[in-house]
Amino acid sequence: MITLLDYGAGNIRSVRNAIKQLGYSVQDVKSSADILQAERLIFPGVGSYGSVMERLQRDGFIEPLIERIRSDKPFLGICVALQALFEGSEESPGVAGLSILKGQVKRFKESDLSVPQIGWNSVNLHKESPLFSSYNDEKLYFVHSYRATLMEEDREWLLATTNYGEEFVSGVELGNVAAFQFHPEKSGKVGLAILEKYLQERAVETLTVSSQVKTGKLSETRIAKRVIACLDVRSNDNGDLVVTKGDQYDVRDAGEVRNLGKPVELAKRYYEEGADEITFLNITGFRDFPMQDQPMLEVLRRTSENVFVPLTIGGGIREFTDSNGKQYTALDVASEYFRSGADKISIGSDACYTVEEYLRTGKKTGKSAIEQISFVYGAQAVVISVDPRRVYVKSPEETTHNTLKTALPGPDGEEYCWYQCTVKGGREGRDLDAVQLATSCEALGAGEILLNCIDKDGTNSGFDMELIKQVREAVSIPVIASSGAGSAAHFVDVFQETDAEAALAAGIFHRREVPISEVKKALHDNGVEIR
Ligand code: 1PR
């Protein structure tokens, strides 16, 4: 029996599903006594450092956790739970950690790498461990802005390190107690194999020699570029939830909503084909109400039973008042999505309205969806989906917006353009450009940019490199290139010509024009780091 410490802060459904997928039954901690009596305890740390420690304090779990760890009972911590073993974190100044390990967790230093680290990196093992006896340098999924390093007196805990601009601790282990910075439940089959080693009964003395134990000079690990499959979802005219696809955001073909398949089945196929992440976009979310739009929540619940890579859900993340007058904040909507299996949520239209207000007043209210959700779940859980379209101008002086000199002149030979943000699925243009939106959202606490492009959407003509470069250079959070992919070569181009951390496609995968494996092979053959 595996006991899960679920303090209700977010997506640990996937940990639960991973344990079940591996054939074990799982129960939740109900009281502090359960923490001490559990045969094997798993503590997934989801959310900001402060919110994790605050919930442990609220439930009286801090002392029992410290006692369990000190008495060397089987314990596995994930992500923020590894950081909670330390004395504190820069993420939440003044909040005490469990202080099992000395030192403060710190934010990644400024470097040319974006922060948070979101993606697939590997680990260098520093000692034998039964947990990694089948590990062979594969990539594991990381999503964090803060990283831990061990003080000299805690060196015996050092299990694994990873490089991301600097070396940090990605795994600690001593006896029956272990913790990972990466998410084994989101790291595909490799992660499940590591998790399984923890779930299996093992006595401390049977430390299996890991075939990958490295000694001496360790080679630096490298983060992979991510290939993301995107499923635009909406109900068709019969009310069935289908995966559709726009052509420059027009999803209708001869009046009918294009139907390219069922969301849960397609997501499972892409996971098995090697997608590094799966994104669902509820494209009529601007007018539907996700809490009543139960099918979307059900899609997430069913998908997270078999898909063990990160899931992002967007569409309709904003405040709502339902037909009975009950008010829901954007945080309520996002929390429902996280509880249903999402790892990240993406905000489109609402981000434009928030940024327009922010640019007008120059003040952060703390009340926007971006600020509220990133405060509770961390910046890395908040993606901003940008729906821009080109606006040509004869010269930069014609507009106050962030223009660029384009290699693709406009219909009247215009040599400059800016990218106008739109809301409601491209139906309404705003007096806001993609750089203003991206930089303001970063300032408000967003952790990643999903950069679509209406002009390129569905055209198979390749990504809009000029747009991607312009936004990538303006922010220090990861950027996902999106819209227009038509071949594996287009993925090679976007990673060789821009610093985008990820590239997303929809149509070429739904129409089975290019398998994900072919994209990965082309990237590998061209020297791009992949998972
Ligand atoms: O505004 O917060 O409710 O979020 C709405 C979400 O739905 C946004 O993420 C928005 O981008 C998306 N959306 C709304 N309408 C459409 C539409 O197509 N009519 N999808 C839509 C935009 C998303 C992807 C991707 C690439 C891949 N498309 O499909 O942008 O275009 O396409 P390709 O590889 O086939 O070229 P809110």
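Author: Let's start with a word we'll need: a residue is buried when its relative accessible area is under 20%. Keep in mind that this is a predicted model.

Reader: Okay, is Phe132 buried or exposed?

Author: The cut-off for buried is under 20% relative accessible area. Phe132 has a value of 0%, so Phe132 is buried.

Reader: How many aromatic pairs does the structure hold?

Author: Ring pairs are found by looking at how far apart the ring centres lie, with a limit of 6.5 Å. Counted that way, the aromatic pairs in the structure come to 15.

Reader: Which kind of pair do the rings of Phe132 and Tyr135 make?

Author: Two things describe a pair of aromatic rings: the distance of the centres and the angle of the planes. For Phe132 and Tyr135, the centres are 5.4 Å apart and the planes sit at 85°. Planes over 60 degrees apart get their own label, so this pair is edge-to-face.

Reader: Which residue lies over the face of Trp120?

Author: Here we want a charge sitting over a ring, with the distance taken from the ring centre. For Trp120 that distance is 4.0 Å, and the residue is Arg531.

Reader: On to the ligand! How far is an oxygen atom of the ligand from an N or O atom in the side chain of Asn452?

Author: Asn452 is among the residues that come nearest to the ligand, out of 26 around it. Its side chain has an N or O atom whose distance from a ligand oxygen atom is 2.6 Å.

Reader: How much of the ligand's accessible area does the protein cover?

Author: On its own, the ligand has 760 Å² of accessible area.

Notes
Residues numbered from 1 in each chain as written. Predicted model: local features only at pLDDT ≥ 70, side-chain atom pairs only at ≥ 80, totals over all residues. Heavy atoms only, no water. Phe/Tyr/Trp six-rings, centres within 6.5 Å; stacked < 30°, edge-to-face > 60°. Buried < 20%, exposed > 50% of the residue type's maximum accessible area, 1.4 Å probe, protein only. Lys NZ or Arg CZ within 6 Å of the ring centre and 35° of its normal. Near = heavy atom within 4 Å. Polar contact = N/O pair within 3.5 Å; in protein donor to acceptor, adjacent residues only side chain to side chain. Areas by Shrake-Rupley, 256 points an atom, 1.4 Å probe, with all protein chains shown as cover.
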